[in-house]
Amino acid sequence: MDQFRAPTSMTPEELGDSLARLVWESFTDFLAHGDAEIGLEELGVPTEDGIPNEGAVEESLIFLMWAHTRGAQLAFTGRAAQETLKQGLDSLHRAVFEDLVKNGTPAAQLPLFEQKIAARYAEYHRAAAKADSALGRAVVGHLATSGAADPELAHAMANRALAVANPLRDFLEEVELVAG
């Protein structure tokens, strides 16, 4: 890691592309291994032969997109123009949507998916503003068929959000977001 140097500046497009790669890496790890503390089945996520159902996959992606968005917002709020940050986050979402279409999601389904993302982001932002446990309960409520009230599961999901957002925030605090 000592050999890796963070860029000193990024354009909104570079930020979006970088965040999209991180989202997909986190998503793959989450589905393949579950949370370090609690696996998908323990969360009450319906699986068949270890593979979660389509709804849980979609909710997992939305949650991880939100966590990466949150990390970027925490890093750049007050340091970058809000419009420039918005362009970077829009670029993240465009990149994820393009990847979804490339991998078989019908483009006609994207507007509905975008509406679902907007609703979840609003819910997760409100919950995170209250308490980590409220965020965890909100996420588990969408991911799992049962266990949304279980404090241990809520804690595990809140920890997952923090494990994504905080290191990303720390990394991006060293980066200047510049207009492209």
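Helices in this account are DSSP runs of H or I with at least four residues, numbered from the N terminus, and in that numbering Ala95 lies in helix α3, which covers residues 82-102. The structure described here is a predicted model.

**The chain as a whole**

The protein chain holds 6 helices and 4 strands, and read along the sequence these elements follow the pattern β-α-β-β-α-α-α-α-α-β. Of the 180 residues of the chain, 42% count as buried. Its accessible surface comes to about 9,600 Å², and 51% of that surface belongs to carbon and sulfur atoms. Among the contacts in the chain with a separation of 6 or more, 74% are accounted for by residues 24 or more positions apart.

Ala95 counts as buried, because its relative accessibility of 11% falls under the 20% limit. When neighbours within four places in sequence are left aside, Ala95 is in contact with Asp17 and Ala20. The C-alpha atoms of Ala95 and Ala20 are separated by 6.2 Å, although the two residues are 75 positions apart along the chain.

Is Glu13 buried or partly exposed? Glu13 counts as partly exposed, because its relative accessibility of 42% lies between the limits of 20% and 50%.

Phe97 is another residue of helix α3, and at 10% relative accessibility Phe97 counts as buried. Leaving aside its neighbours within four places in sequence, Phe97 is in contact with Leu110, Phe113, Glu114 and Ile117. The C-alpha atoms of Phe97 and Phe113, 16 residues apart along the chain, are separated by 9.3 Å.

Thr69 is found in helix α2 and is buried, with a relative accessible area of 2%. Which residues does Thr69 contact, leaving aside its neighbours within four places in sequence? They are Leu89, Leu92, His93 and Tyr121, and with Tyr121 there is also a polar contact between the two side chains, at 3.4 Å.

Arg120 is found in helix α4, which runs over residues 110-130. Although arginine belongs to the residues classed as charged, Arg120 counts as buried here, because its relative accessibility of 13% is under 20%. Not counting residues up to four places away in sequence, Arg120 touches Glu59, Ile62 and His142, and a polar contact of 3.2 Å joins the side chains of Arg120 and His142.

Leu143 has its place in helix α5, which covers residues 132-143, and Leu143 is buried, with a relative accessible area of 4%. The C-alpha atoms of Leu143 and Phe63, 80 residues apart along the chain, are separated by 9.1 Å.

| Side chains in polar contact | Distance |
|---|---|
| Arg120 and His142 | 3.2 Å |
| Thr69 and Tyr121 | 3.4 Å |

About 340 Å³ of space lies in the second largest pocket. This pocket is lined by 14 residues, and those that lie nearest its centre are Glu54, Glu58, Leu100, Thr105 and Phe113. By class, its lining has 9 nonpolar, 2 polar and 3 charged residues.

Which helices each supply at least two residues of this lining? They are α1, which covers residues 12-33, α2, which covers residues 54-76, and α4. One of the residues nearest the centre of the pocket, Phe113, is also among the contacts of Phe97.

Note on methods. Residues numbered from 1 in each chain as written. Predicted model: local features only at pLDDT ≥ 70, side-chain atom pairs only at ≥ 80, totals over all residues. Heavy atoms only, no water. Buried < 20%, exposed > 50% of the residue type's maximum accessible area, 1.4 Å probe, protein only. Polar contact = N/O pair within 3.5 Å; in protein donor to acceptor, adjacent residues only side chain to side chain. Contact = heavy atoms within 4.5 Å. 1 Å grid on protein atoms, 1.4 Å probe; cavity = no way out; pocket = protein on both sides within 12 Å on 5 of 7 lines; lining within 4 Å. Points joined across faces, edges and corners; volume = space filled by probe spheres on them. Areas by Shrake-Rupley, 256 points an atom, 1.4 Å probe, with all protein chains shown as cover.
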